[in-house]
Amino acid sequence: MNGLLIGRFQPFHLGHLEALQFALSKVDKLWLGLGSSNKSPEKNNPFSAEERKEMILSSIDDSMKNRIEIYFIPDLDNHIKWIEKIDSIVPKFDIVFSNDELTKHLYSKRTVQVISIPFLKRDELSGTNIRDLIASDQKWEHLVPEGSKNFLINTSANERLKNL
């Protein structure tokens with residue numbers, strides 16, 4: 001069975017890593033959709049799709065890499081067109097992993113199972129919280145996997161986030 005998990009991963013943090021492990025416990029192959037892939041850098045989407053892909057790949061082990069394919073999913077203003085666009089980008093899947101009500105609603109009309117992802121320390125492990133901590137020079141390193149941490153330090157993410 002194949003599954004689809006779409007996220008913005010801005011940045012890729014320990015909650016996302018847990019979500020990947022959860023999804024992989026239910027499917028053989030996981031299509032990972034990097035949402036908002038067509039957005040220019042902005043406060044809520046500071047990292048490009050390529051950068052997010054690099055963060056993810058540097059944060060997961062080979063056994064996970066062998067079971068995951070990463071796809072870039074652009075934002076579209078029309079929800080129906082958006083899921084049609086996803087269909088045109090990713091191979092067939094049986095399960096969608098999502099906590100997003102709109103995504104659940106859109107896929108409930110299809111023969112695709114929708115499974116919610118258990119949240120891990122949601123108050124701390126949110127991209128918004130982590131971006132705010134980085135921008136304000138507070139401790140954030142413990143909230144992301146090693147690969148993301150190295151990427152964020154090496155690309156001076158704190159400067160980027162302060163300037164957006």
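**Note on salt bridges and backbone geometry**

1. The structure contains nine salt bridges, a salt bridge being a side-chain nitrogen of Lys or Arg within 4 Å of a carboxyl oxygen of Asp or Glu. This is a predicted model, in which local features need pLDDT of at least 70 and side-chain atom pairs count only at pLDDT 80 or more, whereas totals for chains, interfaces and linings use all residues. Residues are numbered from 1 along each chain as its sequence is written, and side-chain values use heavy atoms, with hydrogens and water left out.

2. Among these contacts is the salt bridge of Asp75 with Lys39, whose closest N and O atoms are 3.8 Å apart. Asp75 belongs to the loop between strand 3 (68-72) and helix 4 (79-89), and Lys39 to the loop between strand 2 (29-34) and helix 2 (49-57), so the pair ties together parts that are 36 residues apart in sequence. Helices (H or I, at least four residues) and strands (E, at least two) are DSSP runs, numbered from the N terminus. Asp75 is partly exposed at a relative accessible area of 27%, and Lys39 is partly exposed at 40%. Here, buried means under 20% relative accessible area, exposed over 50%, and partly exposed in between (1.4 Å probe, protein chains only).

3. A further salt bridge joins the side chains of Lys104 and Glu101 (3.6 Å, N to O). Both residues lie in helix 5 (residues 101-108), three residues apart, or about one turn of the helix. Lys104 is partly exposed, with a relative accessible area of 21%, while Glu101 is exposed, with 54%.

4. The side chains of Asp137 and Lys162 also form a salt bridge, at 2.7 Å from N to O. Asp137 sits in the loop between helix 6 (127-135) and helix 7 (146-154) and Lys162 in helix 8 (residues 157-163), so this pair ties together parts that are 25 residues apart in sequence. Lys162 is partly exposed, with a relative accessible area of 38%.

5. Asp137 is exposed, its relative accessible area being 52%.

6. The loop between strand 1 (2-7) and helix 1 (14-24) holds Pro11, which is joined to Gln10 by a cis peptide bond with omega of about 0 degrees. Phe9 is placed in the loop between strand 1 and helix 1. Phe9 has a positive phi of about 50 degrees, although it is not a glycine, and is buried, with a relative accessible area of 3%.
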